[in-house]
Amino acid sequence: MPPFKTVWRDLCRAFSSSSIQSQSDDTGDGAPKRKILIHAINYAPELIGCAKYTAELARHLARQGHQVEVVTAPPHYPGWYVRKPYKAFAYSSETLDGVRVSRCPMAMKTDAGGVWRLLAPLSFGISAVPMLLWRALRFRPDAIMCVEPTLFSAPVALLAAKLLGARSLLHVQDLEVDAAFGVGHIKGAALKNLAVSGEALLLRGFDHIVTISFKMRLALAAKGLEPGAIRVLRNWVDTSAIHPTDSRSNSFRAELKLPEDAYVVLYSGHIGVKQALDIVVEAARRLTERSNIYFVIAGAGPSRQSLIAASADLPNVLHLPLQPAERLNDLLGLADLHVLPQHRGAADLVLPSKLSGMLASGRPVVATADPDTELFDMLSHAAILTPSGDPEALAAAILTASQTDLSEQAEAGLRLADSMGAKRILPQFEDLLTAPAERLEEAKNRETAEVG
């Protein structure tokens, strides 16, 4: 991390410059290459959640010839603890896949909950201020992208963009404020009103807002934004990396010593409050007499140990740790049926990022989703749907699925996954960060007219 005087010197140079707009190189192929700075609390080598998509976007941009930098925290998700060899309380930098990555300190507590869900991202938001300003002033980006969560990163990202005349974009992966109050991480009417007001003010400052679902777009519009100014780009899936395989020859079946006739119900991903995996355990409890139905829960997160304890007496529930990226396709191929639970309080405040991989694996899905939610609308023809928070209904659906040919739903899921393929989505994201402003304004006007 540079000393304060270095940051101050660069800041003064920026203000005294006759033109602080960054100049990008034109490679001669008609498409000028841009400098893009990304500010996000989660990044590689984290494997799941927002980190996966931010890292894949950064790598895509770098492969297209753009210069990309990232300012982030040490790897800590899931579980809210820093993985070695990284350190929680140190600034550092490295290069990953052609992207310069600067990391900033963050105070955290393992399996953070309660007030720590506020303090940890706040500490990162504060410690990242000098680093982001320094890298912005040195790098002179054409575009600065900020990822929510965490919204604590947004003020300095917006300030840097305004200072340099750079395009600003906020990628809303999670309606962080609403979700925190919705599932009870943070409580208090006065605190909620303050947070919502501050959020609305920040949102209006960005040139572009991208989110991952239409219901989230409506929620953002309710905060004072024009619906047409909010672009919906789903979380994508690399269908060349995630694809259907033969479940009977799956390596995990041998490792778990599953019988040949085992019908595997799989959950893979983050294990926390929003995932509501307690109802999966309760569904498993109701199906203990069905000796061929096994539940496999793979992942990590603050609720994992309590979930293991809650299912300790269930022989039909097996647990796996979070798997490396190179085994993800094999893991998803273990499933005869994917299960996707979701906390009712988080409905339409997040859209589970694991969904696209489930669909691309070519396996049927059972999801807990209530009518009029985005998840319900998306999966109405591609999955079995049960009410959220209802383990009895979930158990009945799983039993029915184990006795039914669901190839039609699986095929519908593959078509849906293809619509969210990385080759479709990533170029659209790149366009928002790099295309000429005039073309983006025309697209925005068309979007506004369609939404209106």
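**A sheet, its helices and a buried isoleucine**

Modeller: Let's start with the open sheet of eight strands, in the order E3-E4-E2-E1-E5-E6-E7-E8 with mixed pairing. Strands here are DSSP runs of at least two residues (E), helices are runs of at least four (H or I), and both are numbered from the N terminus. This is a predicted model, where local features need pLDDT of at least 70, side-chain atom pairs count only at pLDDT 80 or more, and totals for chains, interfaces and linings use all residues. Residues are numbered from 1 along each chain as its sequence is written, and side-chain values use heavy atoms, leaving out hydrogens and water.

Colleague: What makes E3 and E8 the edge strands?

Modeller: Two strands pair if DSSP finds at least two bridges between them. Strand E3 (92-96) and strand E8 (230-232) each pair on one side only.

Colleague: How do you know that E7 and E8 pair?

Modeller: Strand E7 (residues 208-211) and E8 share three bridges, in the parallel sense, and the rule asks for at least two. Val210 stands opposite Arg231 in E8.

Colleague: And what makes you say that helix H7 packs on the sheet?

Modeller: Helix H7 (residues 214-221) touches E6, E7 and E8, where a contact means heavy atoms within 4.5 Å. The direction of H7 makes about 170° with that of E8; such angles run from 0 to 180 degrees between N-to-C directions, with axes fitted to C-alpha atoms, for helices over the stretch in contact.

Colleague: Why is Ile242 called buried?

Modeller: Ile242 has 9% relative accessibility, so it counts as buried: the term means under 20% relative accessible area, with exposed over 50% and partly exposed in between (1.4 Å probe, protein chains only). Across the chain, 56% of the 452 residues count as buried.

Colleague: Which residues does Ile242 touch?

Modeller: Leaving aside residues up to four places away in sequence, they are Val237, Leu328, Asn329, Leu332, Gly357, Ala360 and Ser361. Ile242 lies in the loop between E8 and helix H8 (251-255). The C-alpha atoms of Ile242 and Ser361 are separated by 5.9 Å, although these residues are 119 apart along the chain.

Colleague: How does that sit with the contacts of the whole chain?

Modeller: Among contacts between residues at least 6 apart in sequence, 73% join residues at least 24 apart. The chain has 17 helices and 14 strands.
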